Amino acid sequence: FDAAMPVVKCTVSSLQETQQMEFTGVSDIRKIIFYLDSLNLISDVLEDPDDRNGKTWVITLYFVDGNKTTVYHTANAFIQGENGVTYKMDKEQAHAFEELVSSLKRES
């Protein structure tokens with residue numbers, strides 16, 4: 001995504017649960033963007049994310065110009081953009097997203 005374009009809203013939902021959260025506070029949005037920007041991603045993925053059990057988080061960033069982008073955070077192991085490219089995530093970083101979402105829910 002275009003890091004220079006201001007994000008005005010972020011939604012986080014789970015495909016397995018009917019859980020939907022919306023964040024519009026600058027601090028919350030920055031934390032989610034920082035998380036996404038800081039991921040150590042591996043591009044040569046030999047595994048199929050569909051073969052893994054686990055929650056899929058749908059993270060959508062809404063930009064000030066009306067555009068949006070969505071990424072899928074799957075099974076605490078993979079991240080996939082709208083372009084269909086799948087990356088493997090560092091295990092510790094992947095698990096940190098759930099902790100981040102829980103902390104943001106408490107703060108909101």
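User: Which residues have the most contacts inside the largest nonpolar core of this predicted model?
Analyst: In this predicted model, the largest nonpolar core gathers 23 residues. The elements that each give two or more residues to this core are strand S1 (7-14), strand S2 (19-23), helix H1 (26-38), strand S4 (56-63) and helix H2 (91-107). In soluble globular proteins, nonpolar side chains tend to be buried together. Within this core, the residues with the most contacts are Val 12, Ile 32, Leu 36 and Phe 97.

User: Which residues does Leu 36 touch, not counting those up to four places away in sequence?
Analyst: Leu 36 is itself among the residues with the most contacts inside the largest nonpolar core. Once residues up to four places away in sequence are set aside, the residues that Leu 36 touches are Ile 59, Leu 61, Val 71 and Ile 79.

User: How many residues of S4 are buried?
Analyst: S4 pairs with S1 in the antiparallel sense over seven bridges, and seven bridges also join S4 to strand S5 (residues 68-74), again antiparallel. Across these pairings, Lys 9 has Tyr 62 in S4 as its bridge partner, while Ile 59 stands opposite Val 71 in S5. S4 is mostly covered, and of its eight residues the number buried is seven.

User: Which residue in the turn between S4 and S5 has a positive phi?
Analyst: S4 and S5 form a hairpin, with four residues between the two strands. In that turn a positive phi of about 95° belongs to Gly 66.

User: Which strands stand at the edges of the sheet?
Analyst: The sheet is open and has seven strands, with antiparallel pairing and the order S2-S1-S4-S5-S6-S7-S3. A strand at an edge has a single partner strand, so one side of it is left without a neighbour in the sheet, and this applies to S2 and strand S3 (41-42).

User: What angle does the direction of H1 make with that of S1?
Analyst: Five bridges join S1 to S2, which run antiparallel, and one of the paired positions sets Cys 10 against Phe 23 in S2. H1 packs on the sheet and touches S1, S2, S4, S5, strand S6 (78-81) and strand S7 (86-89). Relative to the direction of S1, that of H1 makes an angle of about 70°.

User: What is the relative accessible area of Asn 76?
Analyst: Most residues other than glycine have a negative phi, and most peptide bonds are trans. Ala 75 counts as buried at 12% relative accessibility. Asn 76 is buried as well, because the cut-off is under 20% and its relative accessible area is 19%.

User: Which residue meets Lys 9 in a salt bridge?
Analyst: The structure holds two salt bridges, and the one at Lys 9 has an N to O distance of 3.8 Å. Because Lys 9 lies in strand S1 and its partner in strand S2, the pair ties together parts that are 13 residues apart in sequence. Lys 9 counts as partly exposed at 24% relative accessibility, and the residue whose side chain it meets is Glu 22.

User: How many residues apart are Lys 55 and Glu 98?
Analyst: Lys 55 forms a salt bridge with Glu 98, and the closest N and O atoms are 3.8 Å apart. Glu 98 counts as partly exposed at 32% relative accessibility. The pair links distant parts of the chain, with Lys 55 in the loop between S3 and S4 and Glu 98 in helix H2, at a separation of 43 residues.

User: What radius of gyration does the protein chain have?
Analyst: The protein chain has two helices and seven strands, which run β-β-α-β-β-β-β-β-α from the N terminus on. Its C-alpha atoms fill a box of roughly 35 × 30 × 25 Å along the principal axes, and buried residues make up 41% of the 108 residues. A compact globule with 108 residues would have a radius of gyration near 13 Å, and the value for the protein chain agrees, being 13 Å.

Key:
Residues are numbered from 1 along each chain as its sequence is written. This is a predicted model: local features need pLDDT of at least 70, side-chain atom pairs count only at pLDDT 80 or more; totals for chains, interfaces and linings use all residues. Side-chain values use heavy atoms; hydrogens and water are left out. A nonpolar core is a set of buried Ala, Val, Leu, Ile, Met, Phe, Trp, Tyr and Cys residues joined through side-chain atoms within 4.5 Å. Buried means under 20% relative accessible area, exposed over 50%, partly exposed in between (1.4 Å probe, protein chains only). Contact means heavy atoms within 4.5 Å. Two strands pair if DSSP finds at least two bridges between them. Axes are lines fitted to C-alpha atoms, for helices over the stretch in contact, and angles run from 0 to 180 degrees between N-to-C directions. A salt bridge is a side-chain nitrogen of Lys or Arg within 4 Å of a carboxyl oxygen of Asp or Glu. The radius of gyration is taken over C-alpha atoms; the globule rule is 2.2 Å times the number of residues to the power 0.38.
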